[in-house]
Amino acid sequence: MKLRNVKLLIILAVLMVFCGYLLARSVDKGGASKKFDLIKYHNVGNIWLRVSNYGFFGSGDDIQPQWPSLEYPGGSAIDYLYQGALWFGAKKVRRNSFGEKLYWIDDPPQDRDDCIPASDPEWNSDLKLVVDTLTTLGFDGDDDLYEFLPAYNPLEASALGPLYSQYNVVDTIMATSIRQFRRGEDDDSDGLIDEDPVGFGFPLRTVVEQNELPTPFHSMSGKFLADADDADIAAIISYKDIWFPLGFVDLSYNGNTHYNFCQVNDDDNDGLFDEDGYPVSEQDFISFYYDYSPFGTTGERDWGGSASGNHHGDSEHLNIRIRQMSYQWSYDYIKNLVYVEFNITNMNQQDTLFDCAMGIYMDSDVGPQAYDGDTRSLDDISSYVAGTGYEFAYTYDEDGDNGLTTGLVGSRVCTPDPDVLEFACWYWNRGDGPDDGDPLNLTANPTANQKYWLLTNQNPAPSTYISLRDEPGSQLEDPADTRYLFAFYGDMQGMTDPTDASWNLVPGKTMKIVIAIFPGETLTELKTQATWAKTIYGEAQNLQTVILPDTFVHYEAPEPPTIPNMYAEMDAKGNTISVYWDNRSQMANSDNKTIPNEDIGWQDFNPALDSYDGNWNASTFPEEYDPANTGLWNANALINPWTGYRLRHDFQGYALWGRSGSGSQEFWMLHQRWDKIETAQDMLDYDTNIGTEEFKYFGGSGAMWSTDMGLPNAGIAAIDDVDYYRFDDFYALVNYEVGDEIYGYPIYDAAVVYNTALQNQSDEIRDEMELMAASENEIMNEQALLFKNPNMRDDVYLALYDDKLIPLTGHAGQNFASGGVEDVDHMQDRLSRRYYEGTINNPPKGIEYYISITAWDRGIPSVSLLSLESGRDGNMRIFFPGPTANSKMNNIYVVPNPYVGQSKFDGKRSNDEKGDKSRRIWFVNIPEKCKIKIFTLAGDLVDTINHDGVESEDIISISKAAASGISPSGMATWNLLSKNNQIIAPGVYLFSVKNLDNGDIKVGKFVIIK
């Protein structure tokens, strides 16, 4: 492969990404047919899990590069999954094409089609109803079979014609995050709440028998949130704790006949797209798929190598639509968890799905990603932990790969309530999976198939399928390429004699099933993770209530401060990385979970507590905390609302991190840290109720570090600072006074006031730039620069500014301006925003170097929760440290020299099984524009490199947190391949570097030793 100048490199890189995007979705390599979406994977936590929009997770062989599939720890290049999948089964009455129920003519039937409707002259009341047991699965590894498909899949290409071409690219996996939006909050300040979520915003469920929506939200029955009125918004605000629109929307809705649920959409028609939603975690992935054609296309609904031999046609599907959502956080105490939530909707208009059963199929293949498939898979062991509070399956590598593969990965169900479920868990070896070529086994049972048998704890072949739940140690002496099916079901009486333990799904209803996937280093740790997974999820529903809106609070994880925005750059010699970040972590800083709601309010019977209403002082307390407001009364309160407001501001400081090269993302090194100085009021608040029996410690300066060293870039406020704002001791925004201690530098200009003239100037900028064919992002940035502090660099500002603080039309803060006047609170918020500077000195040269700024808080000492730190992935930047361009040709050299076997700069590119096309050396101290030629000693040209300044360089580590990093202008790489993409022989090589600006040439040599 040739290395190119920067413009060509960028163009080709974009084309390669786009081609890879198409390849991941194409079935014919022509790019016309999107296959499926398999390019997204969870990576904010310590378990990197790939998800799809067709009922399975993990990579299998369906994506290149293949990794990560389920990588643990993230960045370690150790993987624990080939492919996992949803299996779902139920009993369903069979009907003919006219919708008539069918009955067996003979008992037992002689043929699967040996049935008639009641309208047939041969029918009589003694004939038995045909009830099929049907199973749809995301993936069958033994048969290479996929039965859950997105709406726009290749089987629909001919039937849909132009619609397929229009919508297949947007039938994908959506992503959202609590880092951007918040459930139950007016994110875009337009007076509505949660009205423009990611993708298509479904309407809320309708009120049926008073149980389809919680009582406070009955007025919203059947509404789209974009149509909510003032009373609806007031209900959301008042009952935010039980407001959970993901569970309240009607997923059986068929009004969107294009089924483009994952396309960005302006639900509220305000010119912004997907800007006010209701995410759950720091990284939500959402997709939709079906076991039938939502467009009514007839024929088979299977994909994969065995599709032609599988019997899953028009009458053998369950007619279910699934919304799959998966969640992950970066917080230390929950970073080893991924939740996968399946919302399964019965789209049949007539038929209940009886005796539902669900299974999680896991084909693990545990070991280093550098190993081949058999080496990883043939020494795996699966097992099971049964009993109250547990019930989970897991897999690990039998010999630990000489200390490389030390973990275990398990899976469990969180809802429906495990205590009301029956469980089964089977394992079998490669190639021995259940045969479902025909869903009716006429010999054994006319309405049963092997997959449904396994899902409901029936063994179709005892010599093949071993129950791990009954015999958890059965594989201990028999490692193999194993896979397990972890299944759960009800009492199996749902059709004949239903009870509270029966599991049925009536037409139009949606059930919620949540599983957790979690690793651990020992079985004891895995048990702890299994318990923690259930605890963090929260209260589960039972088999009867699982189809109702879930008003229990789930996934309510205490959170660290907001991730800072960050900008970074290298100095001329690559010896220093300068880092700039904003202070939004401390300004948007209030965590309600620090002080639980049950501890806050006013009470009138215990004068010893801070919550006693006699402590109210109208001269010092803000009016909104007046105990006369009965909404603030709480008989169990320990802390009054104003003290609680202050204590919930738990920001403590920042930390600057770096790590070199590949390897686990746990290998970060702390470069600098800052800890805010506690005020006298802080110290008083921390000691609230001290000396009483009810005392809880909510204070301290955090468990991460204990020295109040102050925030970065300290100074003394001058006259130019008095128009800017800061938090006072009570967390109210006030102007700086001359002589105040001040940290950082202002981002915005206090002299700029929003008014009609400024809006007109902004509009003129848009008109002029549109004539120049500027991009929307370029226009938005140019408009935002109107508010920039003149002492701040443009590039730093554009990386750090918050569009929600820009009150111009078309920006996220547009709703804070009306009639040419900006809301005062919004203006003060903007003028409280500052930025800081920090440095990392002497990063290692040539190999990628990761940097991040995090923010941390006090934690919750009262429940022994240590300081929480924001995720390091949230603003991570990657560099290849080295010098900028150098015109002094004598300083040019090659590193490593000699190259012996491999170097720390090497890695693993896609489709390079041997790793001999994933090598790299660096030419250092080269001119900004130059041509590098490599020759053999005989003078034969091996390759040519065209270098043109700063380049985006591939990260070729086998496991990586990003695809590319920024190399300096004075360095260029060569991949040790000839101009014909051939592997070069060991030996001595010559090189020449020609400075294209002045014609100077430098000649040198290097050595390759294999």
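I began with Leu976, which is buried (under 20% relative accessible area, where over 50% is exposed and the range in between is partly exposed, with a 1.4 Å probe and protein chains only), and I found its relative accessible area to be 0%. The model I was reading is a predicted one, in which local features need pLDDT of at least 70 and side-chain atom pairs count only at pLDDT 80 or more, while totals for chains, interfaces and linings use all residues. Residues are numbered from 1 along each chain as its sequence is written, and side-chain values use heavy atoms, with hydrogens and water left out.

I then looked up the backbone of Leu976, and noted a positive phi of about 65° although this residue is not a glycine. Leu976 sits in the loop between strand S44 (971-974) and strand S45 (987-995), where strands (E, at least two residues) and helices (H or I, at least four) are DSSP runs numbered from the N terminus.

For cis peptide bonds, I recorded one that joins Thr415 and Pro416, with omega about 5°; Pro416 belongs to the loop between strand S18 (408-415) and strand S19 (422-429). I also recorded a cis bond from Val895 to Pro896, with omega near -10°, and placed Pro896 in the loop between strand S37 (893-895) and strand S38 (899-900).

What does the side chain of Asp857 reach? I found Asp857 in strand S35 (residues 849-857), and its side chain reaches the backbone nitrogen of Gly859 at 2.9 Å and the backbone nitrogen of Leu868 at 2.8 Å. Asp857 is buried yet has no salt bridge, the nearest side chain of opposite charge being Arg858, 7.7 Å away; a salt bridge would need a side-chain nitrogen of Lys or Arg within 4 Å of a carboxyl oxygen of Asp or Glu.

Last, I looked up the nonpolar cores, each a set of buried Ala, Val, Leu, Ile, Met, Phe, Trp, Tyr and Cys residues joined through side-chain atoms within 4.5 Å. The largest has 65 residues, and Trp329 and Tyr339 have the most contacts inside it. Helix H8 (residues 523-537) gives this core its largest share, five residues. Apart from this core I noted another, of 48 residues, including Ile322, Val366, Tyr384 and Leu543.

Definitions and conventions. Lys, Arg positive; Asp, Glu negative; His and termini not counted. Polar contact = N/O pair within 3.5 Å; in protein donor to acceptor, adjacent residues only side chain to side chain.
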